[in-house]
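Morning, everyone. Please have the sequence and the structure open while I talk. I'll start with a term, then go through the chains and how they meet.

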Amino acid sequence: MSRSLEATRERLAPILAGLDHKEEESRDGMLTLRAPQDGVRAVLAGLHAKAGYELCTIVTAVDHDEAPTPRPQDTGGARFEVVWQLHSITSNDRVRVKCWLAGEEPGEAGFSAPTVMDLWPGAAYFERECFDMFGIGFDGHEGLKRLMMPDAYEYYPLRKEFPHGGIEPDRLYKAWDKQRRQPSGGTA
Amino acid sequence: MTLQKDIFEYRAGAMGELDPDDPLSGQLVELNVGPSHPATHGVLRLKVMADGEIMREVEPVVGYLHRGKEKTCESLGWRKFFVHTDRLDYLQPLLNNCGYAMALEKLAHLEVPERAQIIRVLLMETSRIMSHLIAIGVSAMDLGAISMFFFTFDQREKAYDLIDGYTGHRMNNTYIRMGGVYADIEPELEEQWAGYFEQFLADIDQWEELLTGNRIWYERNRGIAAMTREQALAWGMTGPNLRGSGVEYDIRKAEPYSGYEDYDFEVAVGTLGDAYDRYLVRIEELRQSARICKQALARLKDTRGGEFLAEDRRYVLPPHGDVQSSMEELIHQFKIVTDMRLPRGEAYMGVESSKGELGFYIASDGTAKPLRCHMRAPSLLNIQVLPLLTEGQLLSDMVAAIGSADFVMGECDR
């Protein structure tokens, strides 16, 4: 059986001592830590180096726009949060780390999270997907680019304001088709 | 341990150095493999920079099958998304259903009746068998052993008959519900199901005679696309790919769900982490899954007539007959169909799928619309690791690497 919440908390207490974080309640019994935007990298690096978390299971984001719960006050009304989930096979436990992001618009300063690609190379695609879907940057991720959507795509589909039906879903195709039909133009 | 090192050195020595006297040496040619190529197992595209026959750089390009499943979940609501989980890894729809249902149950703190858990185990293991049959058969076909493909496809078709007998569909079943399963299994079908494994186990032995000791198969797979234990962990491998590299880890053992702690089975582990080890792990998992299925069928016999769906009217639809005769049940039905709410909070459920850890991270804000539903797709990671597995090796070995990494684009792109 996997380690209980109390046992995980006890195991991580000496590692997390001195790092800026607080624990949050979770409904599924996974230890959930909340860290500030400038301190989350230290928490993740500490967990990687000293707590034996070999696997990075998830890097994703949640858009809290229009949620019925008020946005948190202490972060200045942040809209997005980034979620990391780490998994230790040797000690058989998992931990979730969350952090609120300051900005809201892609490319804006502060609208980025630290990369964990150097700690877990396997997190690279997760971060690319997160950038692709929300526009969140990852500091230190070299060559961060879209994963699922075409490179020329202009929108961030998992943001709440993006409609489910898409915005001009065939726009890129039409542009390509127009170029192709021009007598002097395309090669395809 | 020493053997592993030897193989890495052998590969590096055989492929590594450029010949300075060869005028063409070092000239890279860009080669596109896919997105519609039979050996890429779906719409995967690989951008290969080839130096002669050696792949110097490999870059996977994904997204050709992206349908926006996560956005769809936010739009449709929790219940209606069940249909879409079938279309993730379409080789094992029932296992995806189970993973999603268990994530919802974890968030809602909903208990599942014992019989439903046993039925789920039976369906999950049969799904794993069907998916592994494809993985083994197709990877063998890619390397020229085409009769293996016919043998495994034949067996898979028989397994589909069982699933068809239970759900009425071969694929895209959507037979798992929050709180249990949609319908009970008939006793006749249970017996038919038990009879299936007799022939199946005999067939596995036959395939092993055909393939495992086959000189060509061995040469094409041994030492190809190898990764060490540390590499596999760093690149986020789970499931057979991680076990092939010698890590004895299985979520069914470490964090048992759906009553897996009561079943007797073993975890197959490889040693060298190459394509051949991953094949051996999958073959052994077929046997172990059959073993679990047999135990589940014995338990189904003991629990005949038991409940197969929880009776929590916040999440579980009332029986159809009651809806037509009782006003209260009609209201429950209406509320669940139009406005089913999960408590505020978040939950993560990771299940052992045939490709690795299939995880559902769901977050709810207490309304009928999901706040977030993220799927941790093992196929995405199995593709991400392809450059590590293939760079510096021969172009023709790419096929072995792709086949042994085992992914499905429907799950990768979502």
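Buried means under 20% relative accessible area, exposed means over 50%, and partly exposed is in between, with a 1.4 Å probe and protein chains only. At 0% relative accessibility, Glu125(B) counts as buried. Keep that residue in mind.

Now the ground rules. This is a predicted model, where local features need pLDDT of at least 70, side-chain atom pairs count only at pLDDT 80 or more, and totals for chains, interfaces and linings use all residues. Residues are numbered from 1 along each chain as its sequence is written, chains are lettered from A and ligands numbered from 1 in the order in which they are written, and side-chain values use heavy atoms, with hydrogens and water left out.

Back to Glu125(B). A salt bridge here is a side-chain nitrogen of Lys or Arg within 4 Å of a carboxyl oxygen of Asp or Glu. Glu125(B) and Arg128(B) form one, at 3.1 Å from N to O. Both lie in helix 5 of chain B, residues 114-142, three residues apart, about one turn of the helix. Helices are DSSP runs of H or I with at least four residues, strands are runs of E with at least two, and both are numbered from the N terminus. Arg252(B) also meets Glu125(B) in a salt bridge, at 3.2 Å, N to O. Arg252(B) is in helix 11 of chain B and Glu125(B) in helix 5, so this pair ties together parts 127 residues apart in sequence. Arg252(B) is buried too, at 4% relative accessibility.

Next, chain A. It has four helices and seven strands. The order along the sequence is α-β-β-α-β-β-β-β-α-β-α. Of its 188 residues, 50% count as buried.

Take helix 2 of chain A, residues 40-50. Which of its residues are buried? They are Val40(A), Val43(A), Leu44(A), Gly46(A) and Leu47(A). These residues cover an arc of only 160 degrees around the axis, which puts them on the same side of helix 2 of chain A. The arc is taken from the directions running from the helix axis to the C-beta atoms. On the face turned away from the buried side sit the exposed residues Ala49(A) and Lys50(A). The cover over the buried residues includes helix 1 (5-16) and strand 4 of chain A. Contact, by the way, means heavy atoms within 4.5 Å. Just after helix 2 of chain A, Gly52(A) has a positive phi of about 70 degrees.

On to the interface. In contact are 47 residues of chain A and 47 residues of chain B. The area buried between the two chains is about 4100 Å², and carbon and sulfur atoms give 58% of it. Buried area is the accessible area, with a 1.4 Å probe, that two parts lose on being put together, summed over both. In chain A, Arg27(A), Tyr125(A) and Met148(A) lose the most area to chain B, together 19% of what that side buries.

How many salt bridges are there between chain A and chain B? The count is seven. One of them joins Arg414(B) and Glu129(A), at 3.1 Å, N to O. Another case is Glu357(B) with Arg94(A), at 2.9 Å, N to O. That pair crosses from strand 7 of chain B, residues 357-364, to strand 5 of chain A. Glu357(B) is buried, with a relative accessible area of 1%. Arg94(A) is buried as well, at 10%. There is also a network of salt bridges linking Glu24(A), Asp28(A), Arg34(A), Glu81(A), Arg96(A), Lys98(A) and Glu346(B).

Is His66(B) buried or partly exposed? At 24% relative accessibility, His66(B) counts as partly exposed. Leaving aside neighbours within four places in sequence, His66(B) is in contact with Met133(A), Met148(A), Met149(A), Asp413(B) and Arg414(B). His66(B) and Gly410(B) are 344 residues apart in sequence, yet 7.7 Å apart in space, C-alpha to C-alpha.

That's the tour. Thanks.
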